[in-house]
Amino acid sequence: MMSQPSLADQPMVQMRGMSKSFGHHAVLRDINLTVERSEVVCLIGPSGSGKSTLLRCINFLETYESGEVRVEGRLVGYTDGPHRRRMGGRALRDIRRGIGMVFQHFNLWPHMTALGNVAEALVRVRGLKQAEANQRALDMLTRVGLTDKANAYPSRLSGGQQQRVAIARSLAMEPRLMLFDEPTSALDPELVGEVLQVMRDLAAEGMTMMVVTHEMGFAASVADRVAFLDEGHIVEYGPPRQVLHESAEPRVRQFLQTYHERNSF
Amino acid sequence: MDWALYLHYGPSLASGFLVTLLCWFAGGAVGIVLGFVVAVLARLPSPPLRWLLRGYVEAVRGTPFLVQLYLLYDGGPAIGLRLEATQTGIVALGIYGSAYFAEIFRGGFNAVPRGQVEAASSLGMTPPAIMRRIRLPVMLVAIVPALTNMMIILSKETVVLSIITVPELMYQMQSMAAETFATFETILAMALLYWLMVELVARLGRSVERRVTAFMTGVA
């Protein structure tokens with residue numbers, strides 16, 4: 001058997017010529033994107049531009065038809081070879097275990113406490129004993145500042161607290177990559193800050209992150225690179241300064257112009 | 001009003017009541033299990049299987065319970081199925097209930113927010129674990145009232161079993177009425193006993209509902 005190149009040599013995420021459509025509607029067209037270890041990449045662009053779909057292809061919550069999505073060198077969702085077939089459930093779960101995902105609407109399980117939400121996958125996926133899982137879950141909740149909410153059900157938590165629990169739930173699995181799908185879009189404005197702070201801390205610790213967001217301030221100050229999507233294309237990909245301030249692309253300038261107007265008063 | 005009648009027919013009414021309870025609970029249990037299996041199988045990505053199960057549900061829902069009961073009791077032996085009256089009654093109630101329970105479970109599965117399942121998938125949980133730990137508990141909350149309701153409906157369908165000589169409450173009542181001509185006493189006892197039975201289950205249902213929805217109000 002040929003020796004595999006070490007995982008550490010591979011980019012964290014590599015998409016090559018990736019396309020996806022819903023029926024006749026092409027949502028992603030020829031996506032090429034590389035994310036290195038410890039990089040923070042923000043995906044911005046208008047609604048319906050394909051940002052969220054792109055993110056969801058990385059852990060195969062969405063299928064894609066052509067091209068490649070690789071995470072640490074492993075092809076996601078399909079067997080690697082000339083005749084590609086759907087990947088088996090076990091192999092896919094193995095890839096997903098290394099990727100954390102945070103959703104716009106938190107998606108906490110309503111019948112479990114904050115602690116239960118965080119401990120669940122540790123028991124079911126990582127095979128920890130319930131007591132160990134609970135201890136680890138408590139550590140994670142402490143990390144996002146919610147020690148005192150461990151026994152609260154999601155219905156008793158604010159949106160910001162729920163999203164921090166959701167982040168803790170992902171982090172508990174020790175992912176090597178974190179995907180954030182509009183993590184602050186469903187929050188009251190005054191709760192956005194607490195979630196962004198947790199994300200800033202995570203970035204500072206060297207976590208590789210891909211963030212779909214409308215928070216331009218976060219993108220400008222935390223991202224290593226910013227991708228601007230429009231109609232399923234990556235129109236521009238580069239350092240935040242280049243994309244947010246120096247872009248020559250009319251579509252990018254127009255989008256940021258309306259963004260500025262909306263946020264000035 | 002002749003109270004002494006109740007003393008005399010007490011034992012046979014009590015035994016009828018127990019048989020009714022047996023048919024009801026056993027039939028309900030068969031119905032819930034069968035309905036759940038139908039609902040789960042119908043989710044598999046196989047169109048022929050889905051049509052088959054759809055046909056089963058429609059056929060059972062589309063025909064009167066009495067007809068199904070006769071089919072099973074009189075037609076059963078023709079296909080080598082020999083059951084006693086009570087056994088037939090339980091199986092028939094189970095099949096009848098399963099179609100409705102399957103629909104309740106189907107609705108329940110659809111009521112589980114997709115994102116909650118995606119969150120579990122993204123963490124690497126297996127489909128059986130997601131079913132047991134996420135889908136089932138979340139949907140149960142949504143369907144407890146419908147399950148209780150269906151159980152109450154089944155409780156009253158048990159009277160039909162008297163026609164195939166299952167010695168349940170209705171059957172015993174008919175004997176009492178036929179032997180004594182005390183129609184009023186018989187009907188009064190019958191109404192009270194069925195109502196008592198239904199009330200018990202309705203209360204049980206409400207208490208289960210309170211327990212499983214406790215997290216919504218944050219009272220653990």
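I take a salt bridge to be a side-chain nitrogen of Lys or Arg within 4 Å of a carboxyl oxygen of Asp or Glu, and with that rule I count two salt bridges between chain A and chain B. One of them joins B:Glu118 to A:Arg56, whose closest N and O atoms are 2.6 Å apart.

I note that this is a predicted model, in which local features need pLDDT of at least 70 and side-chain atom pairs count only at pLDDT 80 or more, while totals for chains, interfaces and linings use all residues. Residues are numbered from 1 along each chain as its sequence is written, chains are lettered from A in the order in which they are written, and side-chain values use heavy atoms, with hydrogens and water left out.

I looked up the interface next: 25 residues of chain A are in contact (heavy atoms within 4.5 Å) with 23 residues of chain B.

I then turned to aromatic pairs, meaning rings of Phe, Tyr and Trp (its six-membered ring) with centres within 6.5 Å, where planes under 30 degrees apart count as stacked, over 60 as edge-to-face and the rest as tilted. I found nine such pairs over all chains. Among them, A:Phe60 and A:Tyr78 are edge-to-face, at 5.4 Å centre to centre and 85° between the planes. Both A:Phe60 and A:Tyr78 are buried, where buried means under 20% relative accessible area, exposed over 50% and partly exposed in between (1.4 Å probe, protein chains only). Ring pairs also link A:Phe60, A:Tyr64 and A:Tyr78 into a cluster.
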